[in-house]
Amino acid sequence: MFRSGIGYDAHRFGEGRKLVLGGVEIPHGRGLEGHSDADVLTHAMADALLGAIGERDIGHHFPNNDPTIRGINSLEIVRKAANLVTAAGGKLINIDSCLIAEAPKIGPHIATMKANLARVLGLDERRVGIKATTNERMGFLGRGEGMAATAVASVEMPG
Ligand code: MG
């Protein structure tokens, strides 16, 4: 049986923060606010993984009042979510995602992001999709107030 899970996340830009996406630190002059490293792409992927096995969301498993995850590298969050998939008897088939932001340009960093996520997910890079789009200057994303990401995971389960 195949199951799919969906994830969505958004973070606002803030001063004095590094921008980390897919585990890659991207020079941009400002980063995303959050309790962890605020890696919006990785958070959306973690929620997709949790959704595929009917688990509760990232906020339940990694609560932002937990001091042990302050400033955590979010690749560790996605690794733990992938471990929950395995523990549930699931086999991750692929994960796809889309980053939505007006800036910065994501293209030059996608190969490194894919390599990072493939490593922590135990997947071939061809099974990790990372795409990016702008929001055509519409709404909060279009005004550059923050970034958002969506993700979909497919998991094979015995039943
Ligand atoms: Mg988040």
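Is His11 buried or exposed? His11 counts as buried, at 16% relative accessibility, where buried means under 20% relative accessible area, exposed over 50%, and partly exposed in between, using a 1.4 Å probe on protein chains only.

Okay, some ground rules. This is a predicted model, so local features need pLDDT of at least 70 and side-chain atom pairs count only at pLDDT 80 or more, while totals for chains, interfaces and linings use all residues. Residues are numbered from 1 along each chain as its sequence is written, and side-chain values use heavy atoms, with hydrogens and water left out.

Now the largest pocket. His11 and His43 turn up here again: with Ile58, Phe62 and Asn64, they lie nearest its centre, out of 14 lining residues. Strand E1 (2-14), helix H1 (40-52) and helix H2 (58-61) each give two or more residues to that lining. Helices (H or I, at least four residues) and strands (E, at least two) are DSSP runs, numbered from the N terminus. As for what a pocket is: on a 1 Å grid over the protein atoms alone, it's an open set of points where a 1.4 Å probe fits, with protein on both sides within 12 Å along at least five of seven lines, and lining residues have an atom within 4 Å of a point.

Next, a few spots in the loops. Which bond joins Ala103 and Pro104? A cis peptide bond, with omega about 0°. Pro104 sits in the loop between strand E5 (91-100) and helix H4 (110-121).

Then look at Glu136, in the loop between strand E6 (131-133) and helix H5 (139-142). Its phi is near 55°, a positive value in a residue other than glycine. Arg137 lies in the loop between E6 and H5 as well, and its phi is near 60°, again positive. Why mention these? Because most residues other than glycine have a negative phi, and most peptide bonds are trans. Glu136 is exposed at 61% relative accessible area, and Arg137 counts as exposed at 68%.
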